[in-house]
Amino acid sequence: MSYLGLDLSSQSLSGLIIDETTSSFVAEHTINFTKDLPEYKTENGFVRGENLQVHSYPAMFLDALDLLLEAMRAHLPEVQAVSLSAQQHASVYLNEGFEQALKSLNPNQNLKSQLFSSLSREITPIWMDHSTTTECEEMTQKVGEQNVIERSGSPYCERFTAAQIRKFYKTESENYDQTQHIHLVSSFMTSVLAGQNSSIDTSDGAGMNLMNLGTSQWDPELLEACAPNLATKMPSLAPASATAGKISTYFSEKYGFSKNCDVILGSGDNPNSLIGCGAAESGTAVISLGTSDTFFSANGSNPIDTKGLGHVFGNPAGGFMSLICFRNGSLSREELLAHYGLDWQSAEEQMLKTAPCPIEEPILPYLVDEVVPPVKTTTQVSDFKDMDSAKGMTALIESQFLSLQLQARQHLPEVKLIRLTGGASRNKAIAQIISDIFQAKVECIQVSNSAALGAAMRAGNAHRKNDWSTWVSAFSQVGLSFEPNASNAQAYAQKSEQLQRLIQKALA
Ligand code: XUL
(Lines give C-alpha, C1' and ligand atoms only; values in the text may rest on other atoms or scores of the structure.)
Protein backbone atom coordinates (compact mmCIF):
# COMPACT_ATOMS: atom_id res chain seq x y z
CA MET A 1 0.00 0.00 0.00
CA SER A 2 1.78 3.17 -1.06
CA TYR A 3 1.00 6.81 -0.39
CA LEU A 4 2.16 9.96 -2.11
CA GLY A 5 3.00 13.15 -0.22
CA LEU A 6 3.53 16.33 -2.25
CA ASP A 7 5.22 19.41 -0.84
CA LEU A 8 4.87 22.74 -2.57
CA SER A 9 7.37 24.97 -0.76
CA SER A 10 8.63 28.46 -1.60
CA GLN A 11 11.35 27.05 -3.82
CA SER A 12 10.14 23.75 -5.22
CA LEU A 13 7.54 21.03 -5.58
CA SER A 14 8.60 17.62 -4.23
CA GLY A 15 6.96 14.22 -4.18
CA LEU A 16 7.69 11.41 -1.75
CA ILE A 17 6.12 7.94 -1.94
CA ILE A 18 6.09 5.68 1.10
CA ASP A 19 5.12 2.01 1.29
CA GLU A 20 3.25 1.01 4.41
CA THR A 21 3.65 -2.74 3.91
CA THR A 22 7.44 -2.64 3.82
CA SER A 23 7.87 0.56 5.89
CA SER A 24 10.06 1.91 3.12
CA PHE A 25 10.55 4.98 0.99
CA VAL A 26 9.75 4.14 -2.61
CA ALA A 27 10.59 7.26 -4.61
CA GLU A 28 11.37 10.92 -4.23
CA HIS A 29 11.66 13.69 -6.81
CA THR A 30 11.86 17.47 -6.78
CA ILE A 31 11.08 20.16 -9.34
CA ASN A 32 13.00 23.31 -8.56
CA PHE A 33 10.97 26.35 -9.66
CA THR A 34 13.91 28.54 -10.62
CA LYS A 35 16.04 25.86 -12.27
CA ASP A 36 13.38 23.67 -13.91
CA LEU A 37 10.90 26.40 -14.87
CA PRO A 38 13.20 29.30 -15.88
CA GLU A 39 10.47 30.94 -18.00
CA TYR A 40 8.88 32.30 -14.79
CA LYS A 41 12.10 34.19 -14.00
CA THR A 42 11.91 33.56 -10.27
CA GLU A 43 14.82 33.79 -7.88
CA ASN A 44 14.74 30.98 -5.32
CA GLY A 45 11.20 30.23 -6.51
CA PHE A 46 9.61 33.64 -6.00
CA VAL A 47 9.72 37.25 -7.20
CA ARG A 48 10.43 40.28 -5.05
CA GLY A 49 8.38 43.29 -6.14
CA GLU A 50 8.32 46.87 -4.90
CA ASN A 51 7.40 47.88 -1.36
CA LEU A 52 8.09 44.53 0.30
CA GLN A 53 5.85 42.58 -2.07
CA VAL A 54 6.81 38.97 -2.73
CA HIS A 55 4.84 36.75 -5.06
CA SER A 56 4.82 33.51 -6.96
CA TYR A 57 2.67 32.11 -9.78
CA PRO A 58 -0.17 29.57 -9.56
CA ALA A 59 0.51 28.73 -13.24
CA MET A 60 4.06 27.75 -12.27
CA PHE A 61 2.69 25.43 -9.57
CA LEU A 62 0.56 23.72 -12.23
CA ASP A 63 3.50 23.32 -14.60
CA ALA A 64 5.58 21.92 -11.73
CA LEU A 65 2.84 19.37 -10.94
CA ASP A 66 2.78 18.11 -14.54
CA LEU A 67 6.60 17.85 -14.58
CA LEU A 68 6.80 16.10 -11.22
CA LEU A 69 4.16 13.48 -11.97
CA GLU A 70 5.74 12.77 -15.37
CA ALA A 71 9.04 12.10 -13.59
CA MET A 72 7.41 9.86 -10.94
CA ARG A 73 4.94 8.06 -13.22
CA ALA A 74 6.55 4.60 -12.83
CA HIS A 75 5.46 4.53 -9.17
CA LEU A 76 2.03 6.15 -9.40
CA PRO A 77 -0.21 3.15 -10.25
CA GLU A 78 0.42 1.71 -6.75
CA VAL A 79 -0.54 4.90 -4.91
CA GLN A 80 -3.68 4.42 -2.78
CA ALA A 81 -4.00 8.00 -1.55
CA VAL A 82 -2.28 11.31 -2.05
CA SER A 83 -2.12 14.46 0.04
CA LEU A 84 -0.30 17.74 -0.24
CA SER A 85 1.67 20.13 1.91
CA ALA A 86 2.09 23.76 0.87
CA GLN A 87 3.67 26.96 2.04
CA GLN A 88 1.15 28.57 4.38
CA HIS A 89 -0.87 31.77 4.02
CA ALA A 90 -0.36 32.23 0.23
CA SER A 91 -3.67 32.68 -1.59
CA VAL A 92 -4.94 31.81 -5.06
CA TYR A 93 -7.84 33.73 -6.65
CA LEU A 94 -10.22 32.02 -9.08
CA ASN A 95 -13.20 33.11 -11.13
CA GLU A 96 -16.53 31.47 -11.90
CA GLY A 97 -14.99 29.23 -14.59
CA PHE A 98 -12.82 27.28 -12.15
CA GLU A 99 -15.15 24.43 -11.21
CA GLN A 100 -16.16 23.73 -14.81
CA ALA A 101 -12.53 23.89 -15.98
CA LEU A 102 -11.60 21.33 -13.30
CA LYS A 103 -14.36 18.98 -14.40
CA SER A 104 -13.41 19.08 -18.06
CA LEU A 105 -9.60 18.71 -17.84
CA ASN A 106 -8.28 16.99 -20.96
CA PRO A 107 -5.22 14.74 -20.43
CA ASN A 108 -3.92 15.61 -23.91
CA GLN A 109 -3.27 19.17 -22.83
CA ASN A 110 -1.38 20.47 -19.83
CA LEU A 111 -2.87 21.88 -16.63
CA LYS A 112 -1.73 25.44 -17.14
CA SER A 113 -3.27 25.89 -20.57
CA GLN A 114 -6.62 24.63 -19.25
CA LEU A 115 -6.75 26.43 -15.90
CA PHE A 116 -5.03 29.74 -16.64
CA SER A 117 -8.23 31.48 -17.68
CA SER A 118 -9.82 30.52 -14.33
CA LEU A 119 -7.35 32.67 -12.41
CA SER A 120 -8.74 36.06 -11.45
CA ARG A 121 -5.24 37.06 -10.33
CA GLU A 122 -2.10 35.89 -12.10
CA ILE A 123 0.07 36.00 -9.01
CA THR A 124 -0.14 34.51 -5.58
CA PRO A 125 1.21 36.73 -2.80
CA ILE A 126 3.32 34.44 -0.61
CA TRP A 127 4.21 34.30 3.09
CA MET A 128 7.32 36.46 2.54
CA ASP A 129 5.19 39.41 1.40
CA HIS A 130 5.36 42.17 3.98
CA SER A 131 3.47 44.87 2.07
CA THR A 132 0.19 44.87 4.00
CA THR A 133 0.95 46.78 7.22
CA THR A 134 -1.79 49.32 6.42
CA GLU A 135 -4.38 46.58 5.94
CA CYS A 136 -3.35 44.97 9.26
CA GLU A 137 -3.74 48.32 11.00
CA GLU A 138 -7.14 48.92 9.41
CA MET A 139 -8.48 45.54 10.49
CA THR A 140 -6.98 45.83 13.98
CA GLN A 141 -8.76 49.14 14.33
CA LYS A 142 -12.10 47.54 13.43
CA VAL A 143 -11.78 44.27 15.35
CA GLY A 144 -9.39 44.99 18.24
CA GLU A 145 -6.05 43.23 18.75
CA GLN A 146 -7.08 41.02 21.66
CA ASN A 147 -10.30 40.05 19.90
CA VAL A 148 -8.58 38.87 16.70
CA ILE A 149 -6.00 36.92 18.73
CA GLU A 150 -8.72 35.19 20.72
CA ARG A 151 -10.80 34.38 17.65
CA SER A 152 -8.13 33.44 15.13
CA GLY A 153 -5.06 32.53 17.21
CA SER A 154 -2.86 35.34 15.85
CA PRO A 155 -2.74 39.11 15.71
CA TYR A 156 -3.20 40.51 12.20
CA CYS A 157 0.00 39.68 10.30
CA GLU A 158 1.21 41.03 6.98
CA ARG A 159 1.76 37.61 5.45
CA PHE A 160 -1.54 36.11 6.63
CA THR A 161 -4.28 35.70 4.07
CA ALA A 162 -6.78 38.24 5.46
CA ALA A 163 -4.37 41.15 5.01
CA GLN A 164 -3.51 39.93 1.50
CA ILE A 165 -7.18 39.56 0.52
CA ARG A 166 -7.98 43.04 1.84
CA LYS A 167 -5.14 44.55 -0.18
CA PHE A 168 -6.34 42.77 -3.34
CA TYR A 169 -9.87 44.09 -2.79
CA LYS A 170 -8.57 47.62 -2.23
CA THR A 171 -6.12 47.74 -5.14
CA GLU A 172 -7.85 45.54 -7.75
CA SER A 173 -11.51 45.80 -6.84
CA GLU A 174 -12.74 44.66 -10.27
CA ASN A 175 -10.63 41.50 -10.15
CA TYR A 176 -11.76 40.98 -6.57
CA ASP A 177 -15.38 41.16 -7.72
CA GLN A 178 -14.65 38.60 -10.46
CA THR A 179 -13.21 36.25 -7.84
CA GLN A 180 -15.53 33.44 -6.86
CA HIS A 181 -13.14 31.20 -4.90
CA ILE A 182 -10.24 32.21 -2.67
CA HIS A 183 -8.03 29.23 -1.95
CA LEU A 184 -4.87 28.62 -0.01
CA VAL A 185 -2.15 26.99 -2.11
CA SER A 186 -2.86 23.73 -0.27
CA SER A 187 -6.58 23.74 -1.14
CA PHE A 188 -6.01 25.06 -4.68
CA MET A 189 -3.67 22.19 -5.55
CA THR A 190 -5.97 19.70 -3.80
CA SER A 191 -8.88 20.97 -5.93
CA VAL A 192 -6.79 20.36 -9.04
CA LEU A 193 -5.86 16.83 -7.95
CA ALA A 194 -9.47 15.95 -7.10
CA GLY A 195 -10.96 17.74 -10.12
CA GLN A 196 -13.40 19.60 -7.89
CA ASN A 197 -13.43 22.57 -5.56
CA SER A 198 -11.83 21.39 -2.30
CA SER A 199 -12.42 22.47 1.30
CA ILE A 200 -9.65 24.27 3.16
CA ASP A 201 -8.38 22.14 6.02
CA THR A 202 -8.76 23.66 9.48
CA SER A 203 -5.02 23.32 10.31
CA ASP A 204 -3.92 25.54 7.42
CA GLY A 205 -7.14 27.60 7.58
CA ALA A 206 -6.04 28.79 11.02
CA GLY A 207 -3.24 30.74 9.31
CA MET A 208 -5.60 33.19 7.62
CA ASN A 209 -6.86 35.47 10.47
CA LEU A 210 -10.35 34.49 9.26
CA MET A 211 -11.17 31.22 10.99
CA ASN A 212 -12.55 31.03 14.50
CA LEU A 213 -10.48 28.50 16.44
CA GLY A 214 -13.33 27.83 18.86
CA THR A 215 -15.82 26.78 16.17
CA SER A 216 -13.46 25.73 13.32
CA GLN A 217 -15.69 27.83 11.04
CA TRP A 218 -15.20 31.13 9.24
CA ASP A 219 -15.69 33.93 11.74
CA PRO A 220 -18.38 36.35 10.44
CA GLU A 221 -16.84 39.34 12.26
CA LEU A 222 -13.37 38.64 10.82
CA LEU A 223 -14.74 38.11 7.29
CA GLU A 224 -16.71 41.33 7.54
CA ALA A 225 -13.64 43.30 8.68
CA CYS A 226 -11.58 41.95 5.77
CA ALA A 227 -13.48 42.54 2.52
CA PRO A 228 -17.06 42.72 1.18
CA ASN A 229 -18.92 39.53 0.22
CA LEU A 230 -16.03 37.45 1.42
CA ALA A 231 -18.24 34.72 2.89
CA THR A 232 -19.48 33.87 -0.62
CA LYS A 233 -15.93 33.40 -1.91
CA MET A 234 -14.56 31.15 0.83
CA PRO A 235 -14.53 27.37 0.34
CA SER A 236 -15.91 25.26 3.18
CA LEU A 237 -13.66 24.17 6.06
CA ALA A 238 -13.03 20.53 7.00
CA PRO A 239 -10.55 18.53 9.10
CA ALA A 240 -7.24 17.59 7.49
CA SER A 241 -8.25 13.92 7.45
CA ALA A 242 -11.26 14.54 5.18
CA THR A 243 -11.30 13.20 1.65
CA ALA A 244 -11.53 15.70 -1.21
CA GLY A 245 -12.62 12.97 -3.63
CA LYS A 246 -11.03 10.43 -5.97
CA ILE A 247 -8.18 11.58 -8.15
CA SER A 248 -9.33 13.39 -11.27
CA THR A 249 -9.37 11.38 -14.51
CA TYR A 250 -6.82 13.88 -15.89
CA PHE A 251 -4.23 12.30 -13.56
CA SER A 252 -5.37 8.67 -13.84
CA GLU A 253 -5.40 8.80 -17.64
CA LYS A 254 -2.25 10.85 -18.05
CA TYR A 255 0.03 9.53 -15.29
CA GLY A 256 -1.39 6.10 -14.52
CA PHE A 257 -2.87 6.68 -11.03
CA SER A 258 -5.54 4.15 -10.10
CA LYS A 259 -9.03 5.59 -10.55
CA ASN A 260 -9.60 4.63 -6.91
CA CYS A 261 -6.77 6.75 -5.55
CA ASP A 262 -8.11 9.02 -2.79
CA VAL A 263 -7.17 12.67 -2.52
CA ILE A 264 -6.95 13.71 1.15
CA LEU A 265 -7.22 17.42 1.99
CA GLY A 266 -3.99 19.34 1.66
CA SER A 267 -2.55 21.28 4.59
CA GLY A 268 0.23 23.74 5.44
CA ASP A 269 3.90 22.84 5.53
CA ASN A 270 4.26 23.39 9.28
CA PRO A 271 1.23 21.25 10.28
CA ASN A 272 2.49 18.57 7.88
CA SER A 273 5.99 18.75 9.33
CA LEU A 274 4.61 18.31 12.83
CA ILE A 275 3.24 14.96 11.64
CA GLY A 276 6.32 14.01 9.61
CA CYS A 277 8.61 14.72 12.58
CA GLY A 278 6.55 12.43 14.81
CA ALA A 279 5.79 15.39 17.08
CA ALA A 280 1.98 15.41 16.91
CA GLU A 281 1.79 14.78 20.67
CA SER A 282 2.91 17.44 23.17
CA GLY A 283 6.43 17.19 24.58
CA THR A 284 8.61 17.47 21.50
CA ALA A 285 9.44 20.83 19.95
CA VAL A 286 10.36 21.04 16.26
CA ILE A 287 12.74 23.49 14.63
CA SER A 288 12.38 23.52 10.88
CA LEU A 289 15.31 25.04 9.02
CA GLY A 290 14.02 26.21 5.67
CA THR A 291 13.57 29.39 3.67
CA SER A 292 12.04 30.54 6.97
CA ASP A 293 13.02 28.94 10.26
CA THR A 294 10.06 27.89 12.36
CA PHE A 295 9.72 26.68 15.94
CA PHE A 296 6.59 24.73 16.72
CA SER A 297 5.02 22.18 18.99
CA ALA A 298 1.70 20.48 19.58
CA ASN A 299 -0.22 22.18 22.37
CA GLY A 300 -3.07 19.82 23.08
CA SER A 301 -6.56 21.21 22.99
CA ASN A 302 -5.62 24.72 24.11
CA PRO A 303 -6.13 27.11 21.19
CA ILE A 304 -5.31 30.37 22.89
CA ASP A 305 -2.02 32.19 22.98
CA THR A 306 -3.47 35.30 24.58
CA LYS A 307 -0.27 37.28 24.21
CA GLY A 308 -0.29 36.72 20.46
CA LEU A 309 3.47 36.21 20.49
CA GLY A 310 3.29 33.52 17.89
CA HIS A 311 0.48 31.75 16.11
CA VAL A 312 -1.91 28.95 16.85
CA PHE A 313 -2.65 26.60 13.95
CA GLY A 314 -4.53 23.31 13.86
CA ASN A 315 -2.67 20.07 14.52
CA PRO A 316 -3.73 17.69 11.73
CA ALA A 317 -3.76 14.86 14.28
CA GLY A 318 -6.28 16.78 16.42
CA GLY A 319 -6.05 19.79 18.74
CA PHE A 320 -3.70 22.68 18.08
CA MET A 321 -0.07 23.58 17.55
CA SER A 322 1.75 26.79 18.33
CA LEU A 323 4.29 28.25 15.95
CA ILE A 324 6.75 31.09 15.65
CA CYS A 325 8.11 31.98 12.23
CA PHE A 326 11.46 33.69 11.54
CA ARG A 327 12.12 35.28 8.17
CA ASN A 328 15.89 35.13 8.65
CA GLY A 329 16.35 31.44 7.91
CA SER A 330 18.37 29.60 5.27
CA LEU A 331 18.44 32.46 2.77
CA SER A 332 20.24 34.68 5.31
CA ARG A 333 22.67 31.88 6.19
CA GLU A 334 23.31 31.26 2.50
CA GLU A 335 23.86 34.94 1.77
CA LEU A 336 26.75 34.98 4.23
CA LEU A 337 28.03 31.63 2.98
CA ALA A 338 28.16 33.08 -0.56
CA HIS A 339 29.92 36.20 0.75
CA TYR A 340 32.70 33.96 2.09
CA GLY A 341 32.65 31.86 -1.11
CA LEU A 342 32.18 28.75 1.04
CA ASP A 343 30.20 25.57 0.57
CA TRP A 344 28.23 24.09 3.46
CA GLN A 345 30.64 21.21 3.96
CA SER A 346 33.67 23.42 4.64
CA ALA A 347 31.56 25.85 6.68
CA GLU A 348 30.36 22.94 8.82
CA GLU A 349 33.92 21.73 9.50
CA GLN A 350 35.08 25.22 10.43
CA MET A 351 32.07 25.89 12.65
CA LEU A 352 32.43 22.63 14.55
CA LYS A 353 35.86 23.86 15.67
CA THR A 354 34.70 27.41 16.47
CA ALA A 355 31.46 27.25 18.53
CA PRO A 356 30.89 29.00 20.83
CA CYS A 357 32.13 31.94 18.80
CA PRO A 358 35.03 33.77 20.47
CA ILE A 359 33.78 37.27 19.54
CA GLU A 360 32.75 39.29 22.56
CA GLU A 361 29.27 40.41 21.59
CA PRO A 362 26.63 38.55 19.60
CA ILE A 363 25.62 40.19 16.34
CA LEU A 364 22.00 41.05 15.49
CA PRO A 365 21.16 38.29 12.97
CA TYR A 366 18.55 40.14 10.89
CA LEU A 367 19.69 40.39 7.27
CA VAL A 368 16.06 40.99 6.29
CA ASP A 369 13.23 42.53 8.37
CA GLU A 370 12.31 40.00 11.04
CA VAL A 371 8.80 38.96 12.10
CA VAL A 372 9.63 38.27 15.74
CA PRO A 373 11.14 40.29 17.22
CA PRO A 374 9.78 42.89 14.76
CA VAL A 375 13.20 44.35 14.06
CA LYS A 376 13.96 45.97 10.68
CA THR A 377 17.09 44.80 8.81
CA THR A 378 20.01 45.49 11.11
CA THR A 379 22.89 43.71 9.50
CA GLN A 380 24.54 43.31 6.13
CA VAL A 381 27.05 40.71 5.06
CA SER A 382 29.63 43.52 4.84
CA ASP A 383 29.35 43.83 8.65
CA PHE A 384 31.20 40.52 8.82
CA LYS A 385 34.23 41.79 6.89
CA ASP A 386 36.50 41.79 9.93
CA MET A 387 35.67 38.19 10.83
CA ASP A 388 37.12 35.16 9.13
CA SER A 389 34.61 32.72 7.65
CA ALA A 390 34.60 30.37 10.66
CA LYS A 391 33.86 33.17 13.10
CA GLY A 392 31.41 34.94 10.81
CA MET A 393 29.28 31.89 10.02
CA THR A 394 29.33 30.80 13.66
CA ALA A 395 28.45 34.30 14.89
CA LEU A 396 25.46 34.59 12.54
CA ILE A 397 24.09 31.13 13.22
CA GLU A 398 24.54 31.35 17.00
CA SER A 399 22.71 34.67 17.05
CA GLN A 400 19.89 33.33 14.86
CA PHE A 401 19.20 30.54 17.33
CA LEU A 402 19.73 32.67 20.44
CA SER A 403 17.12 35.01 18.97
CA LEU A 404 14.84 32.05 18.22
CA GLN A 405 15.29 30.76 21.77
CA LEU A 406 14.34 34.13 23.28
CA GLN A 407 10.98 33.90 21.49
CA ALA A 408 10.51 30.16 21.98
CA ARG A 409 10.95 30.48 25.75
CA GLN A 410 7.82 32.57 25.95
CA HIS A 411 5.80 29.70 24.47
CA LEU A 412 7.53 26.72 26.00
CA PRO A 413 9.57 27.67 29.05
CA GLU A 414 11.24 24.28 29.17
CA VAL A 415 12.35 22.42 26.07
CA LYS A 416 13.83 18.97 26.67
CA LEU A 417 13.71 17.43 23.20
CA ILE A 418 13.96 19.13 19.82
CA ARG A 419 13.41 17.42 16.49
CA LEU A 420 15.22 19.16 13.68
CA THR A 421 14.05 19.12 10.09
CA GLY A 422 14.46 21.02 6.83
CA GLY A 423 17.35 21.31 4.39
CA ALA A 424 19.88 22.70 6.88
CA SER A 425 19.12 20.03 9.50
CA ARG A 426 21.84 17.90 7.91
CA ASN A 427 24.44 20.36 9.22
CA LYS A 428 26.02 18.91 12.37
CA ALA A 429 27.47 22.23 13.47
CA ILE A 430 24.05 23.92 13.40
CA ALA A 431 22.47 20.98 15.26
CA GLN A 432 25.13 21.10 17.98
CA ILE A 433 24.80 24.87 18.39
CA ILE A 434 21.02 24.47 18.83
CA SER A 435 21.52 21.68 21.36
CA ASP A 436 24.03 23.78 23.34
CA ILE A 437 21.90 26.93 23.27
CA PHE A 438 18.75 25.14 24.45
CA GLN A 439 20.72 22.66 26.61
CA ALA A 440 18.38 20.06 25.15
CA LYS A 441 18.76 16.86 23.18
CA VAL A 442 18.45 17.45 19.42
CA GLU A 443 17.34 14.66 17.10
CA CYS A 444 17.45 14.96 13.32
CA ILE A 445 14.83 12.95 11.53
CA GLN A 446 16.20 10.86 8.68
CA VAL A 447 13.97 12.31 5.99
CA SER A 448 14.90 15.92 5.41
CA ASN A 449 11.55 16.82 3.78
CA SER A 450 9.31 16.22 6.79
CA ALA A 451 6.49 18.21 5.15
CA ALA A 452 6.24 15.81 2.19
CA LEU A 453 6.59 12.91 4.62
CA GLY A 454 3.84 14.33 6.83
CA ALA A 455 1.56 14.67 3.79
CA ALA A 456 2.25 11.05 2.78
CA MET A 457 1.63 9.86 6.36
CA ARG A 458 -1.62 11.85 6.52
CA ALA A 459 -2.73 10.30 3.23
CA GLY A 460 -1.98 6.83 4.63
CA ASN A 461 -3.59 7.49 7.99
CA ALA A 462 -6.77 8.91 6.46
CA HIS A 463 -6.99 6.02 4.00
CA ARG A 464 -6.29 3.23 6.49
CA LYS A 465 -7.95 4.90 9.51
CA ASN A 466 -5.33 3.34 11.79
CA ASP A 467 -3.21 4.67 14.62
CA TRP A 468 -0.67 7.47 14.15
CA SER A 469 1.95 5.53 16.10
CA THR A 470 2.16 2.94 13.29
CA TRP A 471 3.20 5.66 10.87
CA VAL A 472 5.55 7.42 13.24
CA SER A 473 7.50 4.30 14.18
CA ALA A 474 7.77 3.26 10.52
CA PHE A 475 8.71 6.57 8.93
CA SER A 476 9.69 9.34 11.40
CA GLN A 477 12.98 7.64 12.17
CA VAL A 478 15.67 9.55 14.01
CA GLY A 479 19.08 9.69 12.33
CA LEU A 480 21.79 11.66 14.11
CA SER A 481 21.22 12.93 17.62
CA PHE A 482 23.13 15.51 19.64
CA GLU A 483 23.54 15.85 23.41
CA PRO A 484 24.01 19.32 24.91
CA ASN A 485 27.51 20.26 25.88
CA ALA A 486 27.10 21.48 29.47
CA SER A 487 30.40 23.40 29.34
CA ASN A 488 28.90 25.78 26.72
CA ALA A 489 25.80 26.58 28.75
CA GLN A 490 27.21 29.59 30.52
CA ALA A 491 28.72 31.21 27.42
CA TYR A 492 25.36 30.96 25.64
CA ALA A 493 23.35 32.18 28.64
CA GLN A 494 25.56 35.27 28.74
CA LYS A 495 25.28 35.83 24.99
CA SER A 496 21.52 35.47 25.23
CA GLU A 497 21.36 38.33 27.74
CA GLN A 498 23.62 40.46 25.55
CA LEU A 499 21.48 39.75 22.50
CA GLN A 500 18.31 40.61 24.37
CA ARG A 501 19.79 44.02 25.24
CA LEU A 502 20.76 44.60 21.61
CA ILE A 503 17.24 43.67 20.45
CA GLN A 504 15.65 46.02 22.99
CA LYS A 505 17.87 48.82 21.71
CA ALA A 506 16.95 48.04 18.09
CA LEU A 507 13.24 48.07 18.98
CA ALA A 508 13.40 51.30 20.99
C1 XUL B 1 4.54 30.12 8.85
C2 XUL B 1 5.15 30.68 7.61
C3 XUL B 1 6.17 29.89 6.87
C4 XUL B 1 5.63 29.31 5.60
C5 XUL B 1 6.82 28.77 4.82
O6 XUL B 1 3.68 31.01 9.46
O7 XUL B 1 4.83 31.75 7.18
O8 XUL B 1 6.73 28.89 7.67
O9 XUL B 1 4.66 28.34 5.85
O10 XUL B 1 6.48 27.94 3.80
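Modeller: Let me begin with a single pairing, keeping in mind that this is a predicted model: Leu-289 has Asp-293 of S18 as its bridge partner.

Biologist: How many bridges join S17 to S18, and which way do they run?
Modeller: There are 5 bridges between S17 and S18, and the two strands run antiparallel.

Biologist: What sheet do they belong to, and in what order do its strands come?
Modeller: They lie in an open sheet formed by 7 strands, in the order S19-S20-S18-S17-S21-S22-S23, with mixed pairing. At its edges stand strand S19 (311–314) and strand S23 (478–482), and each has a single partner strand, so one side of each is left without a neighbour in the sheet. From one strand to the next, the twist averages 30°.

Biologist: Which strands of the sheet does H17 touch?
Modeller: H17 packs on the sheet and touches S17, S18, strand S21 (417–421), strand S22 (441–445) and S23, while its direction makes about 55° with that of S23.

Biologist: OK, new topic: which residues of H14 are buried?
Modeller: In helix H14, which spans residues 330–339, the buried residues are Ser-330, Leu-331, Ser-332, Arg-333, Leu-336 and Leu-337.

Biologist: And what do those buried residues pack against?
Modeller: Their partners are strand S4 (47–48), strand S17 (285–289), strand S18 (293–298), helix H15 (344–354), H16 and helix H17 (428–438). Just after H14 there is also Gly-341, which takes a positive phi of about 65°.

Biologist: You mentioned H16; at what angle do H16 and H20 cross?
Modeller: The axes of helix H16 (residues 389–411) and helix H20 (residues 489–507) cross at roughly 80° and come within 10 Å. Because of that angle, H16 is roughly perpendicular to H20.

Biologist: Which residues make that contact?
Modeller: From H16 the contact uses Glu-398, Ser-399, Leu-402, Ser-403, Gln-405, Leu-406 and Arg-409, and from H20 it uses Tyr-492, Lys-495, Ser-496, Leu-499, Gln-500 and Ile-503. Sorted by type, the residues of the contact of H16 with H20 are 5 nonpolar, 5 polar and 3 charged.

Biologist: Let's go to the other end of the numbering: is S1 buried or exposed?
Modeller: In strand S1 (residues 2–8), 7 of the 7 residues are buried, so S1 is largely enclosed by the rest of the structure. Ser-2, Leu-4, Leu-6 and Leu-8 point one way from S1, whereas Tyr-3, Gly-5 and Asp-7 point the other way, and all are buried.

Biologist: Which way does S1 run relative to S6, and which way relative to S2?
Modeller: S1 and strand S6 (residues 79–86) run parallel and are joined by 7 bridges, with Tyr-3 paired to Ala-81 of S6 as its bridge partner. S1 and strand S2 (residues 12–19) run antiparallel, again with 7 bridges, and there the bridge partner of Leu-4 is Ile-17. A hairpin through 3 residues joins S1 to S2.

Note on methods. Residues are numbered from 1 along each chain as its sequence is written. This is a predicted model: local features need pLDDT of at least 70, side-chain atom pairs count only at pLDDT 80 or more; totals for chains, interfaces and linings use all residues. Side-chain values use heavy atoms; hydrogens and water are left out. Axes are lines fitted to C-alpha atoms, for helices over the stretch in contact, and angles run from 0 to 180 degrees between N-to-C directions. Helices (H or I, at least four residues) and strands (E, at least two) are DSSP runs, numbered from the N terminus. Angles under 35 degrees count as roughly parallel, over 145 as roughly antiparallel, 65 to 115 as roughly perpendicular and the rest as oblique. Contact means heavy atoms within 4.5 Å. Ala, Val, Leu, Ile, Met, Phe, Trp, Tyr, Cys and Pro count as nonpolar, Asp, Glu, Lys and Arg as charged, and the others, Gly among them, as polar. Buried means under 20% relative accessible area, exposed over 50%, partly exposed in between (1.4 Å probe, protein chains only). Two strands pair if DSSP finds at least two bridges between them.
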